[in-house]
Amino acid sequence: MSLVCAICNEVPEHPCVSPVSNQVFERRLIEKYIAENGTDPMNGQPLSEEQLIDIKVSHPIRPKAPSATSIPAILKSLQDEWDAVMLHSFTLRQQLQTTRQELSHALYQHDAACRVIARLTKEVTAAREALATLKPQAGLVAPQAIAASQPTAVGAGGEPMEINEQVGMTPEIIQKLQDKATILTTERKKRGKTVPEDLVRAEDLGKYHQVASHVGLHSASVPGILALDLCPSDTSKVLTGGADKNVVVFDKNEEQIVATFKGHTKKVTSVIYHPSQSVVFSASPDSTIRVWSVTGGNCVQVVRAHEAGVTGLSLHATGDYLLSSSEDQYWAFSDIQTGRVLTKVTDESAGCALTCAQFHPDGLIFGTGTADSQIKIWDLKERTNVANFPGHSGPVTSIAFSENGYYLATGAQDSSLKLWDLRKLKNFKTITLDNNYEAGIYSVLLGKLHVEVKRPVKSLVFDQSGTYLAVGGSDIRVYICKQWSEVLNFTDHTGLVTGVSFGDNARFLSSAGMDRSLKFYSL
């Protein structure tokens, strides 16, 4: 049996045990400590030499140093010096531990105070702004949202809980978001109102027709493509998510499937292609967000940010963070590298599911759609709801910000397209998609029962320059921005159109639908 002294961490020559802490000590060391302090060194309780209990063990015979037999006084002096060093070292370790605890407590108090000050400052600023801009129509600013901590800390029933900033929304992350927004704003100002020289003109866009159609990407047993995205850096790479639970990467130029990813347990409703990495993202009603490696052909990360189905997905401009919305009434901001949820927030005053989410081009604000027809604008750094846009009837199905960041397009179950000015916080244009548009209202007379069937606008997307807006429902329409006039209309899909996207400089338009087909339109 090997005994180790709690003070010097060596095998004792004369071991004894303290009945106060049940620790083993070298007798000469503990006697010196008791003589100086009168307490047990491990827990600080009173201890005397009489209380020490000797332990009888077979001591190993240690070889003596050659000089030990001739100079015992020197050896005794060295032993005493060693004992003093061990006692001093032990005392320093105890003091270090106490100092660390005090520092941790002080930092916690400082962090809590900073958060309280920041919240009060924000409330004062918001109150002043509201007072200064008070108008009859200024009913858009909503109460502060209630934040939540990590997913595991969400209360039963989706009750909001306090934000825990130590989870991950550190000052470094917030500064990173601010720096990226500053760069994007500067680049946008440099571009000004100039239209890219290579952008397809409206008169040429109106001549587009279907040039290709592919129906073999997803299973025919559970038909339907529910989500579509193109790689921003190479728009020939197409990403789709299907009702068959699969995610597919398709090469438009080669006309072949590059990769098929399986892992979701329910249909895939949202997909995103990373602009600079060979990585794609997918979300599903199975409550998970998955990160896939295109080159590796496997799932590299599973983000579990929600307790219910994920309804929306948007990638931040830094390429490092994901925004997600869910039927659990929360939106979440997650780190794609670690899979960790940095913050998770809901608006307890609304109490309804979120149906979609989209980042503003600068990345400091974003929008979410709700099941009760509201569009909510959020401040990411403060995690607060800063504006609400009512007006739709039925759940909001899709939202999209223009490239210049001034306009927001929204679509809903009411088969209408609304355009909002973010500078004036008001709706300036509403386009009702009716008549021959199948997403309009269909009336069926069943005896005395009059039934109205509404098919929603399923997809909205601006091109990279913000010049054109594509709308997908039961057909596809493209509008030219500012005039908001229709420049083309496609009815090639036999099912509901669930996704539309522009190629580079609008050289082609892609679409996917419930008829299981992926179509491309061009000159």
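User: What do the numbering and the values rest on?
Analyst: Residues are numbered from 1 along each chain as its sequence is written. The model is predicted, so local features need pLDDT of at least 70 and side-chain atom pairs count only at pLDDT 80 or more, while totals for chains, interfaces and linings use all residues, and side-chain values use heavy atoms, without hydrogens and water.

User: How many aromatic pairs are there in the whole structure, and why is the pair of Phe-366 and Trp-378 called stacked?
Analyst: The search finds 15 aromatic pairs. Rings of Phe, Tyr and Trp (its six-membered ring) pair if their centres lie within 6.5 Å; planes under 30 degrees apart count as stacked, over 60 as edge-to-face and the rest as tilted. The centres of Phe-366 and Trp-378 are 6.5 Å apart and the planes are at 10°, so the pair is stacked. Phe-366 is in strand 19 (residues 365-370) and Trp-378 in strand 20 (residues 375-379), 12 residues apart; strands (E, at least two residues) and helices (H or I, at least four) are DSSP runs, numbered from the N terminus.

User: What makes Phe-366 count as buried or exposed?
Analyst: Buried means under 20% relative accessible area, exposed over 50%, and partly exposed in between (1.4 Å probe, protein chains only). Phe-366 has 0%, so Phe-366 is buried. Trp-378, with 1%, is buried.

User: Why is the pair of Phe-428 and Trp-484 called tilted?
Analyst: The centres are 6.0 Å apart, and the 50° between the planes falls in the range left for tilted pairs. Phe-428 lies in strand 25 (residues 426-432) and Trp-484 in the loop between strand 30 (476-480) and strand 31 (485-490), so the pair ties together parts 56 residues apart in sequence. Phe-428 is partly exposed at 33% relative accessibility, whereas Trp-484 is buried at 9%.

User: How do you know that Arg-423 lies over the face of Tyr-406?
Analyst: A charge sits over a ring if NZ of Lys or CZ of Arg is within 6 Å of the ring centre and within 35 degrees of the ring normal. Arg-423 is at 4.2 Å from the ring centre of Tyr-406 and lies over its face. Lys-252 lies over the face of Phe-520, at 5.8 Å from the ring centre.

User: Why does Leu-75 count as partly exposed, and where does Leu-75 lie?
Analyst: Its relative accessibility is 34%, so Leu-75 counts as partly exposed. Leu-75 lies in helix 2 (residues 72-132).
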